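Hello,

Here is the structure I promised to pass on to you. Have a look at it first, and then read my notes below.

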Amino acid sequence: MNVLVINAGSSSLKYQLLNVETQTLLAKGICERVGSEEAFHKHGLDKNEQVIDAKMADHDDAMALVLEALTSGPTKAIDSLDEIDAVGHRIVQGGKYFDKSVLIDDEVIERIGELAELAPLHNGAALMGIHACQKHMPDVPMVAVFDTSFFQTLPPKAYMYAIPYELYEKYAIRKYGAHGTSHRYISERAATVLDEPLDDLKLITCHLGNGCSMSAIDHGVAVDTSMGLTPLDGLMMGTRCGAIDPAIVPFIMEHENLNAQEVNDLMNKKSGLLGISGISNDLRSVRDASEQGDERAQLAYDMYSNSVKKYIGQYIAVMGGVDAIVLTAGVGENCEKMRRMIFTGLQPLGIKLDLEKNKGRGGERVISTDDSAVQIVIIPTDEEYMIARDTYEIVHERIDEPLI
């Protein structure tokens, strides 16, 4: 079964075409700057990748270009759209409604729109991707895979906030988390790498990139996570502040004369590594500046690592121990220095980083010492595969349902 995986952003449309049975990537690409004069389409695998300037007024135009690229030209992957058996959509916010991936119908679309308030840049864009697929492939089944569904197993003591209970009842204000598809994938792969059943492991999973989140996974079940009602909470990130004293918000609003949207933009887009360093939200640029003696860059680097270290301690306490810590995403997979800073000083907790194994980039591997009580594992994430797998399972089950 060939599954087209769609990850729609407000001005982008990222995609992969995968054959799930053979676990083969057939094609991938992205439409960038959709709706602007600078729009372009990048399509192809590795050395065959092509970048083409293309007019895309909206996601309908972008989807038409994607389908044309998949079925024609030198980088085509299939002969016709009939070879696309299903479409899987990444949806950031599933709220309280979805604890698993689901077949998309009118009710699901309505719920995704209703939840756009909690993820305005993501859920609205996902709907544009869904509607574009409905227009161009009306008879192809589609599945919604939610970033939040993995965390519907959190107990109330972990997902509730200590605000008046009536506000939870009225607005469903609670922790939903994010990056759940990534955390689910790397926890499963870590169990395979460690040759242990997932149900026997206590894991701390760390998705560390421009966006960052961590999760406590106890015997295969998520029991806590760092992101909250929105992806702003938790760890310090590229442009997001993460967890701060809530009283800072009205203080800044009053003293800087900002409205709610302006202070929200400040915390989401102007804080984190960028806000502290004044240089960049990219950890590589911050690292280079810190190594050249820039004090603010060094502070940002130290704060990032300390943020991760504190959550490791929290989750060890929450689960009463940990068997392995799993790292993924751009920083987690590739930054030797940041990994070293995170694990420095954790030896008394049985967490010992092997400095030689820690060198290098990429690939699944264990980087803890042979005598470390806690294993440290790097797993490159593959959210697209998880979306394709869920889509395959749901559509396949639907096909196999007996006719009434």
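**Around Met-56**

Leaving out the residues within four places of it in sequence, Met-56 is in contact with Cys-31, Glu-32, Val-34, Gly-35, Ser-36, Ala-39, Phe-40, His-41, Asp-61, Ala-62 and Leu-65. Please keep in mind as you explore that this is a predicted model.

To find Met-56 on your screen, go to the loop between β5 (50–53) and α1 (59–71). Is Met-56 buried or exposed? With a relative accessible area of 3%, Met-56 is buried, because buried means under 20%.

**The cysteines**

How many disulfides does a search of the whole structure find? The search finds zero. Cys-133, for example, is in no disulfide, and the nearest cysteine sulfur, which belongs to Cys-31, is 11 Å away. Cys-133 is also buried, at a relative accessible area of 1%.

**A sheet of six strands**

Next, look for the open sheet of six strands, whose order is β11-β10-β9-β12-β14-β13 and whose pairing is mixed. At its edges stand β11 (221–225) and β13 (365–366). Each of these has a single partner strand, so one side of each is left without a neighbour in the sheet.

As background, strands of a sheet pair through backbone hydrogen bonds, and they do so either parallel or antiparallel.

Finally, which residues make the nonpolar surface patch of about 260 Å²? They are Ile-163, Leu-167 and Tyr-171. Leu-167 lies in helix α5, which covers residues 165–171. The relative accessibility of Leu-167 is 32%, so this residue counts as partly exposed; that class lies between the limits of 20% for buried and 50% for exposed.

Enjoy exploring, and write back with any questions.

Best wishes

How values were computed: Residues numbered from 1 in each chain as written. Predicted model: local features only at pLDDT ≥ 70, side-chain atom pairs only at ≥ 80, totals over all residues. Heavy atoms only, no water. Patch = residues over 30% accessible without salt bridge, like charges linked within 9 Å, V, L, I, M, F, W, Y side chains within 5 Å. Areas by Shrake-Rupley, 256 points an atom, 1.4 Å probe, with all protein chains shown as cover. Salt bridge = Lys/Arg side-chain N within 4 Å of Asp/Glu carboxyl O. Helix = DSSP H or I, 4+ residues; strand = E, 2+ residues; numbered from the N terminus. Buried < 20%, exposed > 50% of the residue type's maximum accessible area, 1.4 Å probe, protein only. Contact = heavy atoms within 4.5 Å. Disulfide = S-S within 2.5 Å. Pairing = 2+ DSSP bridges.
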